[in-house]
Amino acid sequence: MLIVIGLATSVSTLLGGLFALKFRDKLHLILGFSAGALIGVAFFDLLPEALELGENYFTTSQITSLIALGFLVYLVLDRLILLHSHSHAEAEEDHCANPHHQATRGHFAAASLSFHSLLDGIAIGLAFQVSPAVGLIVTLAVLTHKFLDGISIISLILRNGGEKKLAFRWLILASIAPPVGLVSTLFFTLPQSALALILALFAGFFFYIGASDLLPESHHAHPTRWTTFATILGVVVIYTAINLAGV
């Protein structure tokens with residue numbers, strides 16, 4: 001059962017990434033959708049899970065403060081260390097003069113999503129330790145947004161000047177991460193308090209990536225009507241999938 005679930009998470013991630021690669025000419029729509037998906041995951045998945053897992057250990061204020069810290073940490077990394085460009089023209093100039101900076105941003109964002117994929121696998125494994133029913137519900141929730149994670153991985157690499165080959169390598173890593181996380185839970189148990197903190201931090205990361213990176217870029221030089229629709233669709237898809245998984 002666990003082997004089948006692990007393979008399913010990998011396939012779902014790969015399909016999402018291949019979809020993004022095939023329709024690269026519609027990247028602005030994919031970016032808009034990915035922005036909505038990431039924001040939706042942060043609002044409807046990571047935030048509620050962090051609050052629920054941490055309710056016996058932390059106050060709501062402490063959890064939300066950690067989310068804000070995650071947002072600010074990514075802000076500092078992006079703007080001061082990774083040298084984020086503040087306009088498209090500036091981004092083009094920065095990419096030509098300092099392609100390493102753009103590539104580093106893409107790598108860091110993709111790495112955070114890959115680590116989140118690892119946590120998804122861990123979440124499935126720990127859920128099955130509670131009961132098979134809980135494990136299946138969590139599995140369904142994870143599968144529904146692994147496809148979107150694949151899209152997001154490709155979008156982040158291509159948006160930061162990476163080529164298809166590099167994007168595909170990150171996609172492979174992200175697709176392998178959930179089964180690795182799943183198998184790892186056979187050898188350890190993670191305290192709920194620690195998992196709550198990790199999820200809160202990643203909620204902050206995803207809020208920043210979606211709202212400050214993907215969303216503005218998706219609207220650059222493209223009709224806002226369709227990109228706005230794509231973003232809203234990304235949020236709605238995540239909301240619907242998570243709520244259906246919880247039924």
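**Figure 1. Surroundings of F205 in the predicted model.** In this predicted model, F205 touches G70, F71, V73 and Y74, leaving aside residues up to four places away in sequence. F205 is found in helix α8. The residue counts as buried, because its relative accessibility is 12% and the limit for burial is under 20%. One of the contacts, Y74, is 131 residues away from F205 along the chain, yet the C-alpha atoms of F205 and Y74 are separated by 6.0 Å. F205 also belongs to a cluster linked by ring pairs, together with F71, Y74, F115, F202, F206 and Y208.

**Figure 2. The aromatic pair F44–Y239.** The count of aromatic pairs comes to 11. In the pair formed by F44 and Y239, the ring centres lie 5.0 Å apart and the planes meet at 70 degrees, so the arrangement is edge-to-face; the cut-off for that class is over 60 degrees. F44 lies in helix α2 (residues 27–54) and Y239 in helix α9 (residues 224–245), so the pair ties together parts that are 195 residues apart in sequence. F44 counts as partly exposed, with a relative accessibility of 30%. Y239 also falls in the partly exposed class, at 42% relative accessibility.

**Figure 3. The aromatic pair Y74–Y208.** The rings of Y74 and Y208 form a tilted pair, with 5.4 Å from centre to centre and 35 degrees between the planes. Y74 is located in helix α3 (residues 60–81) and Y208 in helix α8 (residues 192–218), so this pair ties together parts that are 134 residues apart in sequence. Y74 is buried, its relative accessible area being 4%. Y208 is likewise buried, at 2% relative accessibility. Both tyrosines are members of the ring cluster that includes F71, F115 and F202.

**Figure 4. The largest nonpolar core and F206.** In soluble globular proteins, nonpolar side chains tend to be buried together. The largest nonpolar core of this model has 51 residues, and those with the most contacts inside it are L46, I67, I154, F206, I209 and L214. Two or more residues of this core come from each of α1 (2–22), α2, α3, α5 (99–130), α6 (132–159), α7 (164–184), α8 and α9. Helix α2 gives the most to this core, with 13 residues. F206 touches L38, V41, A42, L46, L113 and H116, when residues up to four places away in sequence are not counted. One of these contacts, L46, is itself listed with F206 among the core residues that have the most contacts. F206 is also one of the residues in the cluster linked by ring pairs.

**Figure 5. The salt bridge between K146 and D120.** A search of the whole structure finds one salt bridge. K146 forms a salt bridge with D120, and the closest N and O atoms of the two residues are 2.7 Å apart. K146 lies in helix α6 and D120 in helix α5, so the pair ties together parts that are 26 residues apart in sequence. K146 has a relative accessibility of 0% and therefore counts as buried. D120 counts as buried as well, with a relative accessibility of 7%.

**Figure 6. A nonpolar surface patch.** The largest share of the patch comes from α7, which supplies four residues. F168 lies in helix α7. At 36% relative accessibility, F168 counts as partly exposed.

Figure 7. The protein has nine helices and zero strands. The elements run α-α-α-α-α-α-α-α-α from the N terminus on. Of the 247 residues of the protein, 47% count as buried. Among contacts between residues at least 6 apart in sequence, 82% join residues at least 24 apart. The protein exposes about 11,500 Å², of which carbon and sulfur atoms supply 72%.

Methods
Residues are numbered from 1 along each chain as its sequence is written. This is a predicted model: local features need pLDDT of at least 70, side-chain atom pairs count only at pLDDT 80 or more; totals for chains, interfaces and linings use all residues. Side-chain values use heavy atoms; hydrogens and water are left out. Rings of Phe, Tyr and Trp (its six-membered ring) pair if their centres lie within 6.5 Å; planes under 30 degrees apart count as stacked, over 60 as edge-to-face and the rest as tilted. Buried means under 20% relative accessible area, exposed over 50%, partly exposed in between (1.4 Å probe, protein chains only). A nonpolar core is a set of buried Ala, Val, Leu, Ile, Met, Phe, Trp, Tyr and Cys residues joined through side-chain atoms within 4.5 Å. Contact means heavy atoms within 4.5 Å. Accessible areas come from the Shrake-Rupley method with a 1.4 Å probe; for residues, only the protein chains shown count as cover. A salt bridge is a side-chain nitrogen of Lys or Arg within 4 Å of a carboxyl oxygen of Asp or Glu.
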